[in-house]
Amino acid sequence: MSTPHLDHVTQRVIGSAFQTICEEMGHTMIRTANSSLFVEGRDFSCAIVDSKAELIAAANYDPSHLSAMALTVEFVVLFFGPDNIFPGDVYLVNDPYRGGGHLPDITLIRPIFASSRLLGYAVNRAHHLDIGGMAVAGFPGTARSVFQEGLRIPPVRWFHKGEENRDIIEFITLNVRFPRDQWGDFQAQLASTQTAERRLLRLAGRYGAEAIDAAMTDVKNHAEQLTRLMIRDLPDGRYGFTEFVDDDGVTDQPRRIEVTITVAGDRMEVDFTGTSPQAEGPVNSSYGNTLSSTFNAILQLLGPDVPFNNGCFRPIEVVVPRGCLLNPAPPAPCFGGVTEVSIRVVDAIMGALAPIASNRIGAGSYGTCINFSGGGYDAERRASYGFYFFIEGGWGACAWRDGWNCTPNPTSNFNDYPVEWIESTLPLRYREVRLHTDSGGPGEWRGGVGTIRTVQLLADSVEINSLGERFVIPPFGLAGGDPGACNALMLRNGSAGEWQTIRQALHTASPSKFNGLHSGRDTWFRMMSGGGGGYGDPLVRPAARVVDDVVQGFVSREAAQADYGVIIVTNPDHSIGYDAEGTEAQRARMRNEPRDRQLARARAVERATAATAGQTLSEEARQTIETTEDRISTTAARLREKLGSESADALGAALRTPFTNARAVKFWDIDSIDRWLQRHADHDVPSEME
Amino acid sequence: MAYHVGVDVGGTFTDLFAIDDRDGRIVLEKADSTPDAVGGVIAAIRLSGIPPQEIETLIFGSTAITNALVERKLSPVAFLGTDGFTDTLEIRRLWREHLFGWKWDRPRSLVDHDLRFGIKGRIDWQGREIEPLDLAGVDVAVERMRQRGIGVVAVSLLFSFLNPTHEQQVRDRIRETSPDIQVVLSSTVNPEIKEYERASTTVIAAALAPLAEKIMSNLEAQLSSHGVPARPQIIKSNGGITSSVSARAKPLEMARSGPAGGVASALRFAREAGVPNLIAIDIGGTTADVSVITGGEANFTQQASLEWDIPLRTAMVDVRSIGAGGGSIASLDATGRLKVGPQSAGANPGPVCYGRGGTQPTVTDAAIVAGHLDPRHFLGGRMSIDADKAREALRTTIADPLGLPAERAACGILHLAATRMAQLIDEMTVQVGLDPRDYTLVGFGGGGPLFLSALVTETEAAAGIVPLYPAVWSAFGGLFADVVHDYAKSCLAKVESLDLDLLNGVCAELSDLAVADLSRDGYGLAEAELRFKLDLRYEGQSHEISVPIGAGPPFGRDSLATARARFDAAHLQMFSHQRNDPCQLVTVRLSAAVRRKLEIPAARPAAAVQDMPMAESQVWFHGYDRALSTTIVARSQLGRGSLIRGPAIIIEPQAHCIVLPGLEATIGGAGEILIRRAAA
């Protein structure tokens, strides 16, 4: 029955198994992890990467890990050299300048061999509750360098040829604040990669390693073809959009994200030239994170039926100049790159493409995690504790439906922590979890509404941090729809105190980003997530649908009148209805009036545009980048001379040296390059490559 | 007295299955279902010719409640929650169904904002009252309910699973002021931690109450007026049965009763045939439903989703479905790659070969084209099949674009459908540390026998079994099911320092509930087998594993140590490691079962395909580039011990059993077809 070439059906069978294996990795992780961050927060991803370090399949709960995972594998292979990867190895790495996103995201990589043949790699990347540094449970909103953000780990071998190097975990867990739980989490990550190994080997045992290779090639081709079909569906042309980061935490100055997208047939170029220089505060996005975010946006257009893997990436060229906010030079801090700037990148690309892809995507979304974190000592439970809240909100409306309410932003997907669970384990008392009524941008299709969560501290001397976004510039509406509401973080003292913004109460530079503030018992915090932008003219939204919005608590009676011109009444049977005549008159009056929400957004954008006009790169960063580029080009030239350009560019060479790898040359930093040169004593390189 | 009758009320037909306990004679009947779910039962009894007064047992299984839930055809209910938290029903657990893409609709909340009422008052995480209940708020809410004509209210307050006093105060107040409003408390329905899951479950229970009341009272009345002496018993989601009186009181337990009948059949078979490890595969028109039985016990789940992120917590047999049934549509995607399902042609228009206007080839069409289904005997020959039309549709939409002969494409479709089912079986076994090689598959429903061979091959299961009457096996299940009640209560504590009085107190509470339910069903506690389980996890984890506790009650330290050891072993089996960490108790569970004994002479086949001599035919199979000469034989002609080598097709009125090349079938002692890999 065995056939020399892989038949169509068998190819389909093996292809779907890759996805299943990744899901099973995730299942193992959820069932065994300690931290609620993994279990409820789903802040991890599982992937299979092939022997060429290309993504084959992923069960992603966190899209910010998307393409960065394969980039991390590629870094590991380049760094150690492809001949130094052995069965029984497990690599561990977290550095944002080495394929990572931000420091708490720790990646485990297990090469999988069928006898001596490398089948691929199992990858598990997960956000640990703490990674040391200046903020309990992470998110130092005012960090000025990556060193303040926590422990940097280059690729290290936790296991080598099956032997555990326990020193690695001892070393790491001494440098984090919740070693016992995190120890369990490392075990869960490890178990997840073992699951992948067992399942991939079973598959290989059944169909043979060659069939696995062929099926890997086919799933990539499949994804590529579907991606090209989608791009071909878009009209050719150049499309631009400008998004802003509110501020960088250290100062109140905004940053600009400029994107120009060129669609040509079935190819696309996404160019971030014009983006602000890297920031002083933690709103820089590592190169890998920028790639992930870019593909995240593209996948929003593609939808869930396209298997996502390296094939999706092939038709898309991404240009990110070194030294800009989206490809920074170390030691620029990157903590908020993963949770915040990634969403701004998605928004920028969606903003550029929404007008030509209104059948696939829609208006801007609330777009933040807020990342309210902290901890201290809990005298009642006699233990130190940490917490990390990330929050859902309203998504943009689109041409065929209202925006989703209370849904995690595109760069994540999580369950919330049950109130009863939070109160049982932390010295916090939830005071309310309710809809942020009227936060959705009015439109013919309404933007989704956000959530209001109020929490009271029950312990003394609680340290708190935050790293949020979209507190200043609201998400855009489309086709005449209004913007959604901004996010906000407020506090008050006691149940009778006045609600104040963090800036008012604690005199921070930023309303959304701060670090290490101390608060006491009975301080109340209120996290208010905003809503999505609306789509189309709110005055043509059918009145019955506005009535239903009131019935469901999404729109207040007052806003039904002020935003939609619908006069809400109580029917004789005590249900909610509307006054048809009054509504018509009100709508007629409103038709020529300016729309306040749109004006407010325009003013905020204008201010940000002016503030970002003259931003320049720091001298230190400029010189570092110069040195890096110089080192790369001279070494690459030397290699080419020795080898002849043909062999240097061959595929095998791409995984041999960073200088012959098209991606590595775009982001490897000077430190990685120098270490590589020391490690691979560069006179050895040519012989190794022959 | 003589007849034991099982009825399975489906959307279209009501199936009846009866056994005469005097001689083992079996009666099968079918009637059209009626909207009230009961009319079809009476019609089927009449058609069957069974004298109503001779019906000793009547077991009722129905998808009516499951369907009402799925289609949201429920009575409107109001919701009372802790002030500040009533929007939980809209906010839910947040996450979206797909990571990417905007083509998704977030389901509507179970209760609209204007029928959700917040009541002031708080219980804290240790069960202490920190703010008194505001009864005046209850009165205001009740007034609004009256104005709106709402007759049922679900009450779910924070931490009520630890301290139900506030909920009970609410109930008492409403009883006092408005006795006509039915009150459903979360502390009664589902006293477990996680406020959203508990609230959602409570609302579903409240919404089902009027429907269950209507169906049950109608069933009782109609049976009695037609002279049936048996008091009806109802199949529950846990694979057990209960009296119609209990079913009314606890409608939630029927939420997933649809597929439970098949599981009950499989459980009975596992015990009687001495095959303790079974995987039951029920393949119908739109889905394949899979459940796993290990050591004679069905694998359970405590939570299911009504819709995306709308959970329901109750003890249910873990039955999982995939959209790969006879009506599943085969198609090529935009890049020309083959896929099967999840779209289904359903019963209308149905497969192309039905000739009812279906144009997209389905799994059934593929089976016709490959020769796996014989058009002359399809559905007992009652339906005329247009094989040419099926072949043409399959050729133009699938085979030609793939450059394959229609028959090979058809085999590809069948194989792809089978591997999707096999993946589901893997997910339910391998993923939780079970080895399919230790299991026997049992295939039933119209399509089960068709795929069984392929599934034995794909999953590497020990063997496959097609029972007698595979097409109506689900109806048959309830007849032999036990009376089973399940209970759970959250109880958060460290196992190592657990207060035994607390544990035994919770166990006594659960036992009391069991006593009440069993007595409604007509049994005493002495007749029941009580099994306590603990949901444990390593401290810090968020997922538990349910393990039986050692001897008791009352339980001592040694019982806890046994439970802990079992937990470690289960964790090791499922996740390849165990830990020395402290262990945490989350929930105490009790299952109270009364084993019913039904002494019946060996069943005799009822109907058979007549006048069908054994023959050879040319049939296509996946992996072969030509048709193979295949034995075609009527099941009724195969005596016990007969051996048929694959490739073969064993035909009976409503099912075709495929024996793939390399496999062989024998007829077992109970008349079952046993499929195994042929000895080399």
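## Nonpolar cores

A nonpolar core is a set of buried Ala, Val, Leu, Ile, Met, Phe, Trp, Tyr and Cys residues joined through C-beta atoms within 7 Å. In this predicted model, the largest such core has 391 residues. The residues with the most contacts inside this core are A:V49 and A:I349 from chain A, together with B:V203, B:A410, B:M421 and B:L455 from chain B. Helix 7 of chain B gives the most to the core, with 14 residues.

## Contacts of A:I349

A:I349 is one of the residues with the most contacts inside the largest core. Apart from neighbours within four places in sequence, A:I349 is in contact with A:V259, A:I261, A:V270, A:T294 and A:A297.

## Where the chains meet

Between the two chains, 67 residues of chain A are in contact with 53 residues of chain B. On chain B, four helices each supply at least two residues of the side that touches chain A: helix 3 (88-91), helix 4 (135-148), helix 7 (195-225) and helix 12 (406-428). Helix 12 of chain B gives the most to this side, with five residues.

Sorted by class, the side of chain B that touches chain A has 20 polar, 18 nonpolar and 15 charged residues.

## Domains of chain A

The domain assignment of chain A gives domain 1 as 8-222, domain 2 as 385-617 and domain 3 as 620-689. The centres of domain 2 and domain 3 of chain A, taken over C-alpha atoms, are separated by 49 Å.

Technical notes: Residues numbered from 1 in each chain as written. Chains lettered and ligands numbered in written order. Predicted model: local features only at pLDDT ≥ 70, side-chain atom pairs only at ≥ 80, totals over all residues. Contact = placed C-beta atoms within 7 Å. Nonpolar A, V, L, I, M, F, W, Y, C, P; charged D, E, K, R; others polar. Domains from an automatic or database assignment. Buried ≥ 20, exposed ≤ 12 C-beta atoms within 10 Å, placed from the backbone.
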